[in-house]
Amino acid sequence: MLRNKRLIHLTLIVWATAILSIDAAAQNATVTGSVHVKTAAHLQTSVVYVTGNLPKAAPMPAKTIEQKNKKFIPNHMVVTNGTNIAFPNLDRVFHNVFSLSPGNAFDLGLYRKGESRSIKLKKPGAVEIYCNVHERMQANILVVDNNFFAKPTSNGTYEITELPPGKYKVAGWIPGHRAVEKSVELQPGQRLKLDFTLPAPKLPKRHLNKDRLPYGRYK
Ligand SMILES: [Cu+2]
């Protein structure tokens with residue numbers, strides 16, 4: 001008898017949980033739209049993301065950016081806070097990966113072919129990555145602190161789903177520029193259309209080395 005009662009109790013709990021989660025899913029909002037850029041290739045480097053009072057994301061599985069033929073491959077990436085990024089050197093020459101981006105500055109030092117060092121970026125925002133030996137090597141990483149982001153598809157559309165109703169900023173980002181931010185207040189179940197027009201990525205030909213000196217000049 002007691003066992004039956006427990007079973008009924010358990011069944012009720014399962015039912016209630018199922019009904020509540022269906023209800024919550026129906027109430028969540030979606031932001032969708034198009035990202036307009038000058039050439040289709042720029043879509044690959046752009047990201048749309050949401051900031052506000054949202055659950056924090058766990059770090060992603062570890063990522064890799066190779067140093068190969070004096071280039072970072074890939075040279076753009078979006079990661080969640082705390083994701084481990086390895087930088088293996090596959091070239092015959094030494095490289096020295098570094099960043100001066102506020103909150104995410106790091107210096108992996110000089111290392112040779114076959115060696116790899118890694119970082120964990122901890123502050124949401126754009127991180128410009130360079131090599132202290134080769135001025136033209138550069139990569140751009142966007143760090144986000146929740147899972148509400150999307151890269152546009154090849155035809156420029158994006159969709160961010162499962163957003164709890166509330167006030168947020170939706171941002172469109174492309175390397176080298178401040179994100180274009182739009183304030184929104186999402187209603188339960190709303191499907192909001194929001195388009196972004198982003199400039200061409202601005203990748204500096206000249207920038208400072210890790211000692212904040214022009215390249216080719218050493219202390
Ligand atoms: Cu290098």
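Predicted model: local features only at pLDDT ≥ 70, side-chain atom pairs only at ≥ 80, totals over all residues.
## Secondary structure and overall build

Helices (H or I, at least four residues) and strands (E, at least two) are DSSP runs, numbered from the N terminus. Local features are given at pLDDT of at least 70 and side-chain atom pairs at pLDDT 80 or more, while totals for chains, interfaces and linings use all residues. Residues are numbered from 1 along each chain as its sequence is written.

Of the 219 residues in the protein chain, 27% are buried. A residue is buried if 20 or more other C-beta atoms lie within 10 Å of its own, exposed if 12 or fewer, and partly exposed in between, with C-beta atoms placed from the backbone. Among the contacts in the protein chain with a separation of 6 or more, 62% join residues 24 or more positions apart. A contact here means that the C-beta atoms of two residues, placed from the backbone, lie within 7 Å.

## The five-stranded sheet

Five strands make an open sheet with mixed pairing, in the order β6-β12-β11-β8-β9. Two strands pair if DSSP finds at least two bridges between them. The edges are held by β6 and β9 (106-111); each has a single partner strand, so one side of each lacks a neighbour in the sheet. On average, neighbouring strands of this sheet are turned by 20° against each other, direction ignored.

Strands of a sheet pair through backbone hydrogen bonds, either parallel or antiparallel. Strand β8 (residues 95-99) pairs with β9 in the antiparallel sense, over four bridges. Serine 99 stands opposite phenylalanine 106 in β9.

## Backbone exceptions

Most residues other than glycine have a negative phi, and most peptide bonds are trans. The peptide bond from isoleucine 73 to proline 74 is cis, with omega near -5°. Proline 74 sits in the loop between β5 (71-73) and β6 (76-80).

Lysine 70 is a residue other than glycine with a positive phi, near 55°. This lysine 70 belongs to the loop between β4 (66-68) and β5, and it counts as partly exposed because it has 13 C-beta neighbours inside 10 Å. Arginine 212, also not a glycine, has a positive phi near 60°. Arginine 212 lies in the segment after β18 (196-197) and counts as exposed, with 8 C-beta neighbours inside 10 Å.

Notes. Axes fitted to C-alpha atoms, helices over the stretch in contact; angles between N-to-C directions.
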